[in-house]
Amino acid sequence: MASSSTVDSSVSDLFSSAPALQSNLGILSPDQIELAKILLENGQSHLFLHWSEPGVCDNEKLGFFDQIARLNSSYPGGLAAYIKTAKELLADSKLGKNPYDGFSPSVPSGENLTFGDENFIEMEKRGVVEARKAAFVLVAGGLGERLGYNGIKVALPRETTTGTCFLQHYIESILALQEASHKVASDGNQTDIPFIIMTSDDTHSRTQNLLELNSYFGMKSTQVQLLKQEKVACLDDNDARLALDSNNKYKIQTKPHGHGDVHSLLYSSGLLDKWLDAGLKWVLFFQDTNGLLFNAIPASLGVSATKQYHVNSLAVPRKAKEAIGGITKLTHADGRAMVINVEYNQLDPLLRASEFPDGDVNCETGYSPFPGNINQLILELGSYKEELQKTGGAIKEFVNPKYKDSTKTSFKSSTRLECMMQDYPKTLPPTARVGFTVMDIWLAYAPVKNNPEDAAKVPKGNPYHSATSGEMAIYRANSRILQKAGVKVEEPVKQVLNGQEVEVWSRITWKPKWGMIFSDIKTKVSGNCDISQRSTMAITGRNVFIDNLSLDGALIVDSIDDAEVKLGGSIKNNGWTMETVDYKDTSVPEEIRIRGFRFNKVEQLEKKFAQPGKFSLED
């Protein structure tokens with residue numbers, strides 16, 4: 001226990017601005033008194049107006065300082081830096097200051113890849129070589145409430161043919177890349193690829209439980225590390241006064257800070273040094289519910305290595321004015337330059353105000369020259385660590401207060417500072433090599449983030465980004481990949497599910513180890529093969545070869561790694577039918593009803609090969 005006499009006279013003037021706190025100094029430790037000084041020096045005396053006299057609610061007062069200590073230690077520069085930045089950003093917001101004042105936009109340079117051509121295949125092969133020198137970071141702080149799902153998003157089935165959840169698919173993809181990379185390693189180095197998951201209070205224990213209950217989906221537990229992000233203090237007004245919880249005067253109201261926290265967490269964890277010592281070269285960041293992402297990763301990593309990019313943003317072709325941020329080069333009058341994501345509603349006015357009088361328009365390709373950012377980044381580890389040493393992992397923040405009226409003097413509710421993972425390049429020097437890799441949307445991007453009701457309101461022709469469209473996109477991508485490999489996959493039919501018109505392709509799935517890159521898939525397919533639109537095919541083995549197969553129905557093949565299986569001949573059965581489900585039907589599990597359909601497994605040919613050897617499945 002500290003006594004009030006330990007507070008010298010120079011400090012007592014400071015405490016006189018908060019008499020209720022001053023009378024309680026006797027219960028505080030020296031560290032807590034230091035935290036109290038930080039608060040008072042930064043205009044936060046209002047926090048103590050309602051404090052009781054000593055002896056009343058003392059545990060709550062100590063709990064208050066425990067929370068202040070956490071808020072102070074988890075933010076780069078502490079609470080003083082947070083409040084200072086908040087005051088500056090709130091002042092800019094009140095004035096309506098444009099963050100892009102003085103910047104001129106131009107088209108950045110990057111790589112446009114076409115699936116299946118020679119360049120794409122070469123980039124994929126190079127990416128596989130690089131994969132064993134990479135660490136993967138999944139940003140998974142969110143719940144599925146916006147989807148109409150009460151669990152963590154990574155536990156949601158990526159598709160319901162096999163029921164594989166997003167987290168399992170991500171882990172199996174990393175393991176498949178790891179194995180493929182080891183095979184082509186010239187130095188015989190068999191290192192494990194690190195996998196980091198950023199969680200939040202909302203998702204941490206549930207993510208841990210999902211991993212433990214499923215034995216980490218085949219990954220070594222030592223490969224996986226969870227880093228939990230803390231929340232930040234809410235702000236009550238333009239003076240950045242911290243907001244008290246309406247139900248507890250001894251507690252600060254907090255909200256999430258955004259996925260930009262991943263950079264400061266990695267920096268403070270010490271992992272970057274560990275990875276550099278282990279010879280790693282790349283850090284790949286990705287978000288929680290894009291089921292197609294790993295189709296794009298090998299080739300994008302190949303681009304990073306070939307072009308020696310410090311920052312490589314994965315992107316998709318973007319129609320002008322489409323509601324997705326555009327990757328843009330911004331050059332300031334003072335010579336500063338950066339390649340970053342500009343939100344779509346800011347991009348068009350920014351272009352019109354400079355040398356693009358028509359704003360954001362499609363060019364001769366039929367797309368905007370500013371590709372669509374999908375929030376997946378590949379960073380070169382050495383330059384990343386150097387940059388974070390300068391910034392402490394802090395990312396340029398923004399504030400988005402909801403004002404009560406046009407005077408902008410008070411808020412409807414408290415606000416907070418936010419930061420985004422993809423804003424990392426904002427602090428980079430002009431010498432940094434920042435580029436992008438564009439891939440077809442059908443191959444690389446199908447996020448699951450909207451609930452059925454919101455998705456059904458999306459204007460026709462715009463992406464639904466729902467569980468329905470996300471699952472259908474997986475079948476479309478797999479069907480088109482097999483078409484490119486020479487299989488005659490019948491064209492899709494259109495169907496309305498949960499109020500969304502989607503293309504329904506053959507329900508084709510495979511494990512990442514069966515085909516991680518296109519050149520591998522091509523070696524697994526031969527002869528004249530055809531698959532009807534109503535068919536289902538799930539391959540869960542590694543050495544499964546499709547040779548002169550004609551499929552009209554459902555085929556499920558599971559095999560151990562040492563079993564080589566040839567699928568051929570004509571297979572016809574009643575297959576699986578799709579039944580529509582109403583998303584309001586609470587008798588159906590949430591993860592099914594948010595899709596608007598379920599499978600009725602009428603008839604199937606299911607084969608398991610549990611012994612080593614060569615097997616053939618033919619008439």
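**Thr328**

I began with Thr328, which sits in strand E12 (residues 326-332); helices (H or I, at least four residues) and strands (E, at least two) are DSSP runs, numbered from the N terminus. The model is predicted, so I kept to its terms: local features need pLDDT of at least 70, side-chain atom pairs count only at pLDDT 80 or more, and totals for chains, interfaces and linings use all residues. Residues are numbered from 1 along each chain as its sequence is written, and side-chain values use heavy atoms, with hydrogens and water left out.

Buried or exposed? I asked this of Thr328. Thr328 counts as buried because its relative accessibility is 0% (buried is under 20% relative accessible area, exposed over 50%, partly exposed in between, with a 1.4 Å probe and protein chains only). I then listed its contacts (heavy atoms within 4.5 Å), leaving aside neighbours within four places in sequence: among them are Pro105, Ser106, Pro108, Met338 and Phe370. Pro369 is 41 residues from Thr328 in sequence, and their C-alpha atoms are 9.1 Å apart.

**Domains and cores**

I looked up the domain assignment next: domain 1 (9-74), domain 2 (91-239 + 258-444) and domain 3 (455-618), with bounds from an automatic or database assignment. The C-alpha centres of domain 2 and domain 3 are 29 Å apart, and 32 residues of domain 2 touch 31 residues of domain 3.

The largest nonpolar core holds 111 residues, and Phe136, Leu167, Phe195, Phe294, Leu482 and Met537 have the most contacts inside it. (Such a core is a set of buried Ala, Val, Leu, Ile, Met, Phe, Trp, Tyr and Cys residues joined through side-chain atoms within 4.5 Å.) This core lies between domain 2 and domain 3, because both give residues to it. Leaving aside neighbours within four places in sequence, I found Leu167 in contact with Leu138, Val154, Phe195, Ile197, Leu210, Leu211 and Phe217. A second, separate core has 36 residues, including Phe15 and Tyr250.

**Helix pairs**

I finished with helices. The axes of H6 (residues 118-131) and H11 (residues 293-307) come within 6 Å and cross at roughly 85°. Axes are lines fitted to C-alpha atoms, for helices over the stretch in contact, and angles run from 0 to 180 degrees between N-to-C directions. H6 and H11 are therefore roughly perpendicular (65 to 115 degrees).

H9 (residues 261-269) packs against H13 (residues 381-391) at about 95°, with axes 10 Å apart. H9 is therefore roughly perpendicular to H13. Here His263, Leu266 and Tyr267 of H9 meet Tyr384, Leu388 and Gln389 of H13.

Methods: Parallel < 35°, antiparallel > 145°, perpendicular 65-115°, else oblique.
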